[in-house]
Amino acid sequence: MNEVASHTGQQRQSANAKKLGFFARIIAFFKQSLAEFKKVQRPTGEELWKMFVTVVSFLIIVMIFVAVLDVVFNQAVFWVFG
């Protein structure tokens, strides 16, 4: 029964979207976007700092990994091609 009700609701929404004009759909889009932005939960200072440290740490680890690979491949190329 729920599938039928949700399917009917989807048909009504698509029918309403077809009835709206071009500019009305644009306005509806911006209204819905603003409503979603109001729902966004912003991180606290502590959470933001933890995320920052996590990203920077990950970047440093990846940089070290790439640097080691670079040195290894550089030595291998010099060894092969002399």
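Author: Let's begin with the nonpolar surface patch, which covers about 910 Å² and is made by V55, F58, L59, V62, M63, F65, V66, L69 and F73. Please keep in mind that this is a predicted model.

Take L69 as one member of the patch. L69 sits in helix α3. Is L69 buried, partly exposed or exposed? With a relative accessible area of 34%, L69 is partly exposed. A patch residue needs over 30% relative accessible area and no salt bridge, so L69, at 34%, passes the area cut-off.

Just after α3 comes G82, which takes a positive phi of about 60°.

Now for charge. Side chains of opposite charge can pair when their charged atoms come close. A search of the whole structure finds two salt bridges. One of them joins the side chains of K50 and E46, with 3.5 Å from N to O. An α-helix has 3.6 residues a turn, so residues three or four places apart point the same way. K50 counts as exposed because its relative accessibility is 52%, and E46 counts as exposed at 55%.

The other salt bridge brings together the side chains of K39 and E36, at 3.3 Å from N to O. Here the setting is helix α2 (residues 22-39), where K39 and E36 lie three residues apart, about one turn of the helix. How exposed are these partners? K39 counts as exposed, at 61% relative accessibility, while E36 counts as partly exposed, at 46%.

Let's step back to the whole chain. Its secondary structure comes to three helices and zero strands, running α-α-α from the N terminus on. What share of the 82 residues is buried? Buried residues make up 1% of them. The chain exposes about 8,200 Å², and carbon and sulfur atoms supply 70% of that area.

Finally, how much confidence does the predictor place in all this? The mean pLDDT of the chain is 87, and 78% of its residues reach 70 or more. Among the elements, α3 has the highest mean pLDDT, 97, whereas helix α1 (residues 2-19) has the lowest, 60. Where pLDDT is low, the predicted coordinates should not be read in detail.

Note on methods
Residues numbered from 1 in each chain as written. Predicted model: local features only at pLDDT ≥ 70, side-chain atom pairs only at ≥ 80, totals over all residues. Heavy atoms only, no water. Helix = DSSP H or I, 4+ residues; strand = E, 2+ residues; numbered from the N terminus. Buried < 20%, exposed > 50% of the residue type's maximum accessible area, 1.4 Å probe, protein only. Areas by Shrake-Rupley, 256 points an atom, 1.4 Å probe, with all protein chains shown as cover. Salt bridge = Lys/Arg side-chain N within 4 Å of Asp/Glu carboxyl O. Patch = residues over 30% accessible without salt bridge, like charges linked within 9 Å, V, L, I, M, F, W, Y side chains within 5 Å. pLDDT = per-residue confidence, 0-100.
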